[in-house]
Amino acid sequence: MWCSRTALGRLQRIAPCTVSGFHRAMSMLPKVFVTRRVPPDGLDILRKSGQVQFEMWDSDDPMPRMELLKKVKGCDGILCVLTEKIDAQLLEAAGPNLKVVSTMSVGFDHLSLDELKKREIRVGYTPDVLTDCVAELTVALLLATSRRLIEATHEAKTGGWGTWRTLWLCGHELANSTVGILGLGRIGVAIAERLKPFKVKKFIYTDVTPRPELANMIEAEYDKLAEQSDFLAVCCALTPETHGICNFNLFSKMKKNAIFINTSRGGVVNQEDLYEALSTGLIAGAGLDVTTPEPLPTHHPLYTLKNCVILPHIASASYTTRNAMSALAANNLLAGLRGEPMPKELKL
């Protein structure tokens, strides 16, 4: 339902003679489609701005593709989430009025950037606001995996907790360890800052090129990760260059006691190779917040492994962060429609 209808109903009750003028004024506002029920802070910004008329798919579940293609027709702006594929088909369906796509995500692998650039459509995204939240979850996942917390909880609940045993459910600790970061950006730095109090001995990283300014913040060295890391955290973006970069070649070089953590994008990992590495003891464990596909089918072999902890893509799932992402996505959208600089614009 277009958000102007509530105001229209109120106006009809108060001053019927002004309805037609109000309706004309609303119809002249830019038309926006919001592809999912988003947190309230962003919706409040759109409603109170008085700058757009918007319709929203009012559900937590994705909109059927064919319905989405119908709804975006004639829109000036789209506010989407990472499950919506914004490709040539959708852009063609939207038509020439589309000026802005604002995604409530830091990742943008669901956007066809070449198609957006070709059509001169501006893109907003939501980095920075989720850095702390993702870093917290990454540390939590690392500890849950390395100290075998999910296994331990299962044993306690199912009667496996017997007499005290010297090596039962032993894991790997952070003290005096080497932590490797694949893709050193804001989130990688935030993870290292949170791990430092655990008495980590050394931080190392690799990236497309050395990043001395960020590395100096955490005293990290630019070095090979596989051979040295006791814990390896993947923080890189999913690009054609990083797709499948975490494969058997990487796992086969890692230490047998190494813990692998991925909170970036599922596509950077070859999951068949990861299964082999975990099931044959090439590495000690893995914690995944992202997979391919999402959701990962319940019959996937990775679920059968005790040394693999899988979460349903919840790294940014705090009330504070999701509302901040929603607000930033809304402000990006409004600024783009006004022809002004966005708070966070993806330069194409």
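Q: What makes helix 7 mostly covered?
A: Of its 16 residues, 12 are buried. Buried means under 20% relative accessible area, against over 50% for exposed and in between for partly exposed (1.4 Å probe, protein chains only). Leu137, Leu141 and Leu142 are among the buried residues. The model is predicted: local features need pLDDT of at least 70, side-chain atom pairs count only at pLDDT 80 or more, and totals for chains, interfaces and linings use all residues. Residues are numbered from 1 along each chain as its sequence is written, and side-chain values use heavy atoms, without hydrogens and water.

Q: Why is residues 131-146 called a helix?
A: A helix is a DSSP run of H or I with at least four residues, a strand one of E with at least two, and both are numbered from the N terminus. Helix 7 has 16 residues, so it meets that length.

Q: How do you know that the span of helix 7 is close to the expected one?
A: The expected span is 1.5 Å times one less than the number of residues. For helix 7 that gives 22 Å, and its first C-alpha to its last reaches 22 Å.

Q: Why are strand 10 and strand 11 called paired?
A: Two strands pair if DSSP finds at least two bridges between them. Here 4 bridges join strand 10 (residues 259-262) to strand 11 (residues 285-288), so they pair.

Q: What makes strand 8 and strand 12 edge strands?
A: The open sheet has 7 strands in the order 8-7-6-9-10-11-12, with parallel pairing. Strand 8 (220-222) and strand 12 (308-310) each pair on one side only.
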